[in-house]
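Please prepare a short briefing on the charged side chains of the structure shown below, covering salt bridges, surface charge and accessibility.

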Amino acid sequence: LEWLDLSYNVIRKLPERFPDLPSLEFLRLSGNFIDSLPASISDLKALRKLDISGNRLRELPDEIGGLHRLHFLDVSSNNLEEIPETIVHCRRLEILDVSGNEVQSLPTCVGRCRSLKILRAQRNHLKELYHNITDLTWLQELDVSDNYISQLPSTIGKLTGLKSLTLAKNELKSLPPYIGNLRFLEKLDLYANQLEELPDEIGFLTELRHLELYHNCLRALPNRIGELQKLEILCLEGNRISFLPNEIGRLKSLTVLELHMNKLVKVPRKIGRLSNLKKLVLRVNELTFLPKEMGSLAKLEELDLAKNLLEDVPSELKHLKSLTRLEITGNPFLTTWPEELRKRVIESRM
């Protein structure tokens with residue numbers, strides 16, 4: 001027997017001794033009512049994947065470190081308060097998911113799990129990341145969102161293999177400049193923190209494609225934001241941004257730009273250079289006018305201008321031939337706008 005799936009039953013207890021299963025490589029026990037894992041788990045010497053998520057575990061036995069062939073361990077959505085230090089002996093472990101528990105700190109040995117590529121620890125009680133986590137130079141994905149982390153270690157830049165970093169829903173007020181060393185990063189998620197500014201070094205993340213910054217306290221963007229030539233999605237909803245740097249026009253790969261619920265009083269003319277932009281959301285700002293250069297956004301499909309202070313709409317917007325959705329309600333001072341755009345609004349509501 002190599003594969004055993006007992007998930008989503010009503011199993012409450014496992015036997016103290018596992019049956020003799022010398023060839024078992026995959027064991028799935030998720031979605032049960034199991035509150036403890038027997039020490040004999042280490043007898044499953046061939047085990048490569050263990051999924052015991054969605055149970056009632058309060059601890060893991062130290063013997064889990066005896067699973068020397070383990071590549072994948074999912075203990076998410078349990079009641080774990082800590083991860084045993086013996087996890088370091090699972091030297092082939094590539095994916096570790098401890099999300100949705102009550103873990104207050106990751107084990108100090110985690111930095112020695114040198115094969116680890118994916119570490120998910122969201123929805124726990126983490127207050128900080130220790131410096132030793134940055135020894136995971138092969139790590140490609142790190143998710144510690146929905147915790148209580150108030151600062152990142154200065155050594156964060158050592159995680160040079162990272163492609164995805166999720167820090168959303170924490171208590172970060174700033175980012176260390178060493179964040180710029182993560183040259184292979186493709187996705188950076190920082191929404192729902194308390195960030196007041198971004199370091200200039202953000203411009204070094206030239207592989208970045210997805211940047212989530214909504215619901216922070218940003219008042220401006222650094223000029224170096226224009227260096228992110230591969231950026232496709234930029235989400236800035238719910239900040240305090242009053243203006244955008246002209247360098248925003250250098251983001252030639254950008255397809256989605258979300259700026260709703262800020263304090264924008266104007267949009268830079270260089271925005272017309274975003275030749276691949278498909279979605280632009282500017283609702284709930286303080287805009288009184290729009291630059292005519294917005295009429296050059298040939299691929300724009302969705303434009304949301306609702307709830308601003310617009311007095312006029314440039315006639316050049318009639319050239320937005322790809323536009324299929326236009327929202328412009330809630331502009332009390334807007335009395336006239338191009339007839340062709342008026343038709344677009346009517347059509348988008350049908």
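Is arginine 283 buried, partly exposed or exposed? Arginine 283 is partly exposed, with a relative accessible area of 23%, where buried means under 20%, exposed over 50% and partly exposed in between (1.4 Å probe, protein chains only). This is a predicted model, in which local features need pLDDT of at least 70 and side-chain atom pairs count only at pLDDT 80 or more, while totals for chains, interfaces and linings use all residues. Residues are numbered from 1 along each chain as its sequence is written, and side-chain values use heavy atoms, with hydrogens and water left out.

**Salt bridges**

- The structure holds 14 salt bridges, a salt bridge being a side-chain nitrogen of Lys or Arg within 4 Å of a carboxyl oxygen of Asp or Glu.
- One of them joins the side chains of aspartate 304 and arginine 283, with an N to O distance of 2.8 Å; this pair links distant parts of the chain, since aspartate 304 lies in strand 14 (residues 302-304) and arginine 283 in the loop between strand 13 (279-281) and strand 14, 21 residues apart.
- Aspartate 304 is buried, as its relative accessible area is 5%.
- Salt bridges with shared partners also join Asp5, Arg28 and Asp51 into one network.
- Glutamate 141 and arginine 120 meet through their side chains in a salt bridge of 2.9 Å, N to O, and this pair too links distant parts of the chain, with glutamate 141 in strand 7 (residues 141-143) and arginine 120 in strand 6 (residues 118-120), 21 residues apart; strands are DSSP runs (E, at least two residues), numbered from the N terminus.
- Glutamate 141 is partly exposed at a relative accessible area of 22%, and arginine 120 is partly exposed at 25%.
- Arginine 209 forms a salt bridge with glutamate 207, their closest N and O atoms being 3.8 Å apart; arginine 209 is partly exposed at 29% relative accessible area, and glutamate 207 is partly exposed at 22%.

**Positive surface patch**

- Arg48, Lys49, Arg69 and Arg92 gather on the surface in a patch of positive charge, where a patch is made of residues with over 30% relative accessible area and no salt bridge, like charges being joined within 9 Å and nonpolar side chains (Val, Leu, Ile, Met, Phe, Trp, Tyr) within 5 Å.
- Arginine 92 is located in the loop between strand 4 (72-74) and strand 5 (95-97), and arginine 92 counts as partly exposed because its relative accessibility is 44%.

Note on methods:
Areas by Shrake-Rupley, 256 points an atom, 1.4 Å probe, with all protein chains shown as cover. Lys, Arg positive; Asp, Glu negative; His and termini not counted. Charge placed at Lys NZ, Arg CZ, Asp CG, Glu CD. Helix = DSSP H or I, 4+ residues; strand = E, 2+ residues; numbered from the N terminus.
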